[in-house]
Amino acid sequence: MGGRKEDLGRGLFRQGIFDIRDSFICLILDRDSTTKVTTLNRVNSCRTIVFMGNGTGLMAYGRGRGISHKVALQRAVFNCKRNIIAIPIDPSLPVPEELYAHFQDYKVTLRPSTSFNPWGHPAFATMLSVAGIFDCGFKTVHTGKNHYNVVNSLFKVATKNRTPQ
């Protein structure tokens, strides 16, 4: 492996497990800028959160921070490539039982259904479909619109999913 950051994780690509350049859909969930005021000057920084999925059970998210939005996006995508997980999905029944998870003040319930019901949080519905979890309904309860809590609660509930054996 070389010294460049892009070379990190190339072993998975060479083994033929998956190719991240093929069919991953990338969603930019949030990007904003912050300013830290010190006695000498103001320090501006930008941050971005990215979610990726291929529709067949691989999903990832990454957070990036930098001095510009371009740098923050590059770091978020790099962190997203390092954070890929596989969730077990049965094509006939993606969610066999009701699943519940929460992260801070964001609570999520996934329930089995005969069709996909995206009524509710639009970002959560998009992330579910990009991750490959169809034919389910969901309920979200939250007090604020924090995309970091949305992503973390989705990862918690998706990793609880089991396929019927």
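Modeller: Start with contact, which means heavy atoms within 4.5 Å. Helices (H or I, at least four residues) and strands (E, at least two) are DSSP runs, numbered from the N terminus. Buried means under 20% relative accessible area, exposed over 50%, and partly exposed in between, with a 1.4 Å probe and protein chains only. With these terms, the buried residues of α3 pack against β1, β2, β3, β6, β7 and α4.

Biologist: What kind of model is this, and how are its residues numbered?

Modeller: This is a predicted model, in which local features need pLDDT of at least 70, side-chain atom pairs count only at pLDDT 80 or more, and totals for chains, interfaces and linings use all residues. Residues are numbered from 1 along each chain as its sequence is written, and side-chain values use heavy atoms, with hydrogens and water left out.

Biologist: How many helices and strands does the chain have?

Modeller: There are 4 helices and 7 strands. Along the sequence they follow the pattern α-β-β-β-α-β-β-β-α-β-α. Of the 165 residues in the chain, 38% are buried. Among contacts with a separation of 6 or more, 56% are between residues 24 or more positions apart.

Biologist: Back to α3. Which of its residues are buried?

Modeller: The buried residues are Ala123, Phe124, Ala125, Met127, Leu128, Val130 and Ala131. That is 7 of the 10 residues of α3, so this helix is largely enclosed by the rest of the structure. Glycine 132 follows α3 and has a positive phi, near 100°.

Biologist: How do I read a nonpolar core?

Modeller: In soluble globular proteins, nonpolar side chains tend to be buried together. A nonpolar core is a set of buried Ala, Val, Leu, Ile, Met, Phe, Trp, Tyr and Cys residues joined through side-chain atoms within 4.5 Å. The largest one here has 29 residues, and Phe51, Leu110, Phe124, Met127 and Leu128 touch the most other members. Two or more residues each come from β1 (25-37), β2 (42-53), β3 (58-66), β5 (99-103), β6 (106-112), α3 (122-131), β7 (136-141) and α4 (147-159). The most come from α4, with 7 residues. A second, separate core has 8 residues, including Phe24, Ala60, Cys80 and Ile84.

Biologist: What does phenylalanine 51 touch?

Modeller: Leaving out residues up to four places away in sequence, phenylalanine 51 touches Ile25, Cys26, Leu27, Leu29, Met59, Ala60, Tyr61, Met127, Val130, Ala131, Leu154 and Phe155.

Biologist: How do I read a sheet?

Modeller: Two strands pair if DSSP finds at least two bridges between them. The antiparallel strands β3 and β4 are joined by 2 bridges, and methionine 59 has isoleucine 85 in β4 as its bridge partner.

Biologist: In what order do the strands of the 3-strand sheet stand?

Modeller: The order is β5-β6-β7, an open sheet with antiparallel pairing. The edges are β5 and β7, each with a single partner strand, so one side of each has no neighbour in the sheet. Axes are lines fitted to C-alpha atoms, for helices over the stretch in contact, and angles run from 0 to 180 degrees between N-to-C directions. Neighbouring strands of this sheet are turned by 15° against each other on average, direction ignored. Between β6 and β7, which run antiparallel, there are 6 bridges; valine 108 has threonine 140 in β7 as its bridge partner. On this sheet packs α3, touching β6 and β7, with its direction at about 145° to that of β7. Also packed on the sheet, α4 touches β5 and β6, and its direction makes about 145° with that of β5.

Biologist: Why does asparagine 161 count as buried?

Modeller: Asparagine 161 counts as buried because its relative accessibility is 2%. It lies in the segment after α4. A polar contact is a pair of N or O atoms within 3.5 Å; within protein, one must be able to donate a hydrogen and the other to accept it, and residues adjacent in sequence count only if both atoms are side-chain atoms. Here the side chain of asparagine 161 reaches the backbone oxygen of proline 94 at 2.8 Å.
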